[in-house]
Structure formats: C-alpha cells, structure tokens
Amino acid sequence: MSRLLTLENVHTHIGQYHILQGVSLTAEEGEVTVLLGRNGAGKTTTLRTIMGLNPASSGTIHYDGQDITKLPTFSVANGGIGYVPEDQAVFTTLTVEENLKVAMRKEDEAAMARQDYVLTLFPDLKKFWKKEGGHLSGGQKQMLAMARAFVNDNRLMLIDEPSKGLAPIVIESVMEAIREMKKQTTIVLVEQNFSMAAGVGDTYTLIDDGKTVQNGRMEELVRDEELKRTYLGIA
Amino acid sequence: MISKLQGKNFWLIILAAVLAAFPFFSDSRTMTILLTQIFIFAILAMSYDILLGYTGIVSFGHAMFFGVGAYTTAVILDRMEPTLGMFILSVGAGMLIAGILSFIAGLLTLRLKSHFYAMFTLALSGLFLVAAEKWRTVTNGNDGFTFRAPELFQDRTMFYLAALGCLVLVYLILSRFVASPMGRVLIAVRENEQRTASLGYKTLHYKVTASVVAGVFASLAGSLYSVSLRFVNTSVMTMDITLDALLMTIIGGVGTLIGPILGATVIEFAQHYLSGLARDYPIFERWIIFFGIVYILAVIFFPQGIVGWFRQIRAKRLGKREAAIRAKQPVLKAKAEENG
C-alpha cells in the first residue's frame, strides 16, 4: 500500500477567519479515510482546501507524490480527484443524463462503461434519466452527486457528509454504494454518523478546532471510549 | 432541459414559414418595418440570453458589441460601394471585431465577481460611447450619418426576409450551441461555478467563449439595425440598448432562447402601440412611464418570464397527472389481483 494523499500542517483562511490551523492526514491507496469531528471543526474546509476551492495559506498537500497545494481547482480535479460536496449538490436544471455527461472528462467507451456500472449501483437514476436534477428527492440527488464523481476514472474521491438529511433506508443504500466504490478507488469521507463511518472506514483523522488531534486505524477508535467521548460527544 | 429544445422545432418552422409569407399577403408597410425591428432585437436578446440565461453573467455593456456592428457596417457601406457583397463583408468585419473585443474584455473582466463584472462592462461600454462621440472623422459624433443600403435591401420586403433568415439561422446555431457539451458546461457554470471547476473545467475559458458568442451575434444585430435605418449615430451604443436586451430576455424568460424572441415581440409591439396611443390620449405622451410600470409588474409577477410561466403551468399539470396515476395504481393493482 502507498500513500496517495498527504496533508502536512495545512492552514486555511477564509476571509479574516483562520479556519484550518494545522491539519495533517494521510490517505493510503485503496482505503477509506474518515474525517471525524464536531460541527464546525473544519472537516468540510479540509476537503475544499484539497480541491483548491479554499486554497491553503500554508502547509503542503501532496497527491500521488506531486505537490498540489497551489494548483487551481480544475487542475486538481483533472489530476484524478473526484469531489462530492455536501447538501446533494447536483445541477438542478440539467437532467440526470446531462448531470452525468457534464461530469465526464471524455465521453469514450471507458466512461460509458463506468456510467453503466454507476447505474447498477444507483438503479433509481436510470428511472429518472430525463428528469431534471432539481426534481429529484434528496436521496436521489445524493446518489446523482456521487455518481457524477464516479463516472470518471478518479483515483481519489472526496465525499462530504453523504448521509446528511437522508432517510435511514436511503443512507444504507448510499453506504452500500461507498463500500462498492471502495473496491475501485481511494476515499476520504466526511461523516457525522459515527456508526456509518465505522462501518466503511479503515482509518480515521480526528479534527477539532481546525487542528488534527489524532490519526489511526478505525478499529482502535471504535475501542477508545475516552477519545470518542471527548471529541465526538459519544457516550 | 436541453432535450426539450428538439421537439418544438416543427412549430417554429411553421411559424417561420408564416412570417416569411406575411409581406406577400399584407401591404402594411408599418407592420413589415415593426416585424423587421422585432427580428433584429430578437437576435440581440438571444445573444444576451447566452450570457445571462445560460452562463449567469450580467453584463451592462452589451450595447458596445451592437454598436460595433452598427458602425462597422455603416462606415463600410458609406465609404465603399454599397453592394450586397460589401454588406456581407461589413457584417463579417463587425462580427470579427466584436469577437476580438469580447474576447479581450472577457479575459480581462470575467475573473471578477458578477457585480464587479457588471460595473466593469458598464464602464467599458461608456468608454466606447465617448470614443464614438469624439471620433467625429469616422462617426460624425452624436449627429451620426446616413448611408445607402445595398440595392437589394432598398426593397423593404427583401430586407424583412433577410432579417427573418438571420433570426432563424441565429436561433438554430444558438440552439445547437446550448445543446452541445459546451452548452451543458455553461449551464453548470451558471448554477455553480465552483462545483463546475471541481469537475475539472477551467470555467474562465467557458465564460469567455460565451462572451465571444454573445458579442459576435450582438454585432450581427447591430449591422442589421443600422441598415434597417440607413442611419447610425451614437444611440446604438447607449445603455438603453443593453437595457432593452436585458428586459426582452427577462420578460420572455431567461435561459430559453425562445423567450427572448417573445420578449422582443412583446416589447416592440408595446412600444409601438403605447406611443401610438399618444395621438388620442395625451397621457400616453409619457408612454415610457407606463412602460416602466409594465416592466416592474412583469418582474414582480412573472420573474421566470413568459416561457417560464408556461413551463410552470405545464409542470403543475404533469405533476397532477402523475399524482393521479399514482393514486390509481393501488386500485388497478387490487382489481388485477381480484381478476386473478
């Protein structure tokens, strides 16, 4: 196994606010790394900083051995990093088909094969193929947002709170899809629901007040009641 | 959304055929001229829709490109032989200049956030207006100048048909453009630029392309406009032209292409009839005030424009029909089970 993504002491400012104050993490190839922490800890900003949407003010981000700290967002994405933002972020006036097509870097055979595979993971999307994204339910939107990132041959997927605002039955199918995706790609996942996170995660990074407090294997965290109580509020 | 563009083409062909036949059945010169103006402003409004409706860019400087087309055609026809060939050359030259200009302006300004971009385009357009007023040797300033149109266009019917032909052609080109992969990206940029960038698109390139396409077709509208009047002055570069394009697009329905054509029709007819009422009712001498009220009411009560309003009604009907089908399904299922 090799390190696909490494963040070293990353700081990020948004306007006058110092949001990330020293985030360090690593994502091993083929694993799911879960970012955990309370609301406002800086998990979403960490993903946005990796993507260059909120560029890092200091520290370094290495992906596949290359320094991507200062790269613009489109270059980061073209390097093979897929991003699924929170809040079921789809293009509301494009149909399901158009949402997937716009996400494809190339409309070649490989991309079409991946699209077919994605549709086996999310069969609901096929049913609403010609429906505009804005008319889908929350769960369908989330599936479309994930499918959009998966139609490309991305080596790394950043997924932000896929279970947020979804019904339990939908959450289960979304998590099932993540388990399937895990077989083909490396994932960095932000997830508030600890039991869900523990179910798919191999490693974790605990963030508090914009700083990394702890990294480790997920099974160690599951056993560490003290850490969970202190930083996640789980009794 | 894009696929919806395909089905209605049949009705548009019928409409275009009816409009093409109109001057041969009607001898109303006023109506022919009014419809010609509608065709020209519909081209301008569609070009603006590429910016506002499909890319989400608010520009207050669109008149600059309209003016470039108007002046290029007017100056070339005035200084050279006013032949059809020279007219086509002047239209091409205007589109080329507008394309280069919008490329440079877009590259310089589209990095800015939307409201700063809008103010910058307003300033740039103002700069061009002042330049046109001061460059009297070429433009004759605010007094403007008259010129001869090609002989073919001396006949109003021929020019009417030429303008209609241009409208149909521009509509078809822009329909293709917005339905292409490029169009999809522009819609994505309009919805969320950051999200589009995170899919791997250098959004500035797409915004500049939209700006060039919009500028080029605005210039074509300007060329046709100056020939329709056989006169040009600096009014073609004023804010009024941009506001007309903006309101035609909003009233017709942004992001629809067909909406700006409807918007141009409504506004040109309203301008014509409201100003005409002044002959009988002195209060309509201030028709522009009534027009302002119509604008305000339209924006408050029809923010999605005419096309958007019709789509909303259709969506509601479809929703009701789907709900009715869903409600019937258990009954039908039960009946099927009863029947074995």
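Biologist: Where is Thr93(A) found?

Modeller: Thr93(A) lies in the loop between strand S6 (81–84) and H3 of chain A. Helices (H or I, at least four residues) and strands (E, at least two) are DSSP runs, numbered from the N terminus. This is a predicted model, in which local features need pLDDT of at least 70, side-chain atom pairs count only at pLDDT 80 or more, and totals for chains, interfaces and linings use all residues. Residues are numbered from 1 along each chain as its sequence is written, while chains are lettered from A and ligands numbered from 1 in the order in which they are written.

Biologist: Why is Thr93(A) called partly exposed?

Modeller: A residue is buried if 20 or more other C-beta atoms, placed from the backbone, lie within 10 Å of its own, exposed if 12 or fewer, and partly exposed in between. Thr93(A) has 18 other C-beta atoms within 10 Å and therefore counts as partly exposed. The C-alpha atom of Thr93(A) is 13 Å from that of Leu144(A), which is 51 residues apart along the chain.

Biologist: What makes Leu152(B) exposed?

Modeller: Leu152(B) has 12 other C-beta atoms within 10 Å, so the residue is classed as exposed. Leu152(B) is placed in the loop between strand S1 (145–146) and H8 of chain B. Leaving aside neighbours within four places in sequence, Leu152(B) is in contact (C-beta atoms, placed from the backbone, within 7 Å) with Leu84(B) and Met158(B). Leu84(B) is 68 residues apart from Leu152(B) along the chain, yet their C-alpha atoms are separated by 7.3 Å.

Biologist: Is Leu257(B) buried or exposed, and how do you know?

Modeller: Leu257(B) has 25 other C-beta atoms within 10 Å and is therefore buried. Leu257(B) occurs in the loop between H12 and H13 of chain B. Leu257(B) is not a glycine, although its phi is positive, at about 65°.

Biologist: How do you know that the length of helix H8 (residues 156–179) of chain B agrees with expectation?

Modeller: The expected span of a helix is 1.5 Å times one less than its number of residues. For the 24 residues of H8(B) that gives 34 Å, and the end C-alpha atoms are 34 Å apart, so the two agree. Among the buried residues of H8(B) are Phe159(B), Cys166(B), Leu167(B) and Val170(B).

Biologist: What span should helix H4 (residues 63–79) of chain B have?

Modeller: The 17 residues of H4(B) should span 24 Å, and the end C-alpha atoms are 24 Å apart, which agrees. H4(B) is mostly covered, since 14 of its 17 residues are buried.

Biologist: Which residues touch the most other members of the largest nonpolar core?

Modeller: Leu158(A) and Ile43(B) do, among the 153 residues of that core. Helix H3 (residues 29–55) of chain B gives the most to this core, with 15 residues. A nonpolar core is a set of buried Ala, Val, Leu, Ile, Met, Phe, Trp, Tyr and Cys residues joined through C-beta atoms within 7 Å. Not counting residues up to four places away in sequence, Ile43(B) touches partners including Cys166(B), Leu167(B) and Val170(B).

Biologist: What domains does chain B have?

Modeller: An automatic or database domain assignment supplies the bounds, giving domain 1 (4–303) and domain 2 (304–340) of chain B. Their contact takes twelve residues from domain 1 of chain B and six residues from domain 2 of chain B. H13(B) gives the most to the side of domain 1 that touches domain 2, with four residues. The centres of the two domains, taken over C-alpha atoms, are separated by 40 Å.

Biologist: How many residues of each chain take part in the contact between chains A and B?

Modeller: Chain A supplies 21 residues and chain B supplies 16 residues.

Terms used: Contact = placed C-beta atoms within 7 Å.
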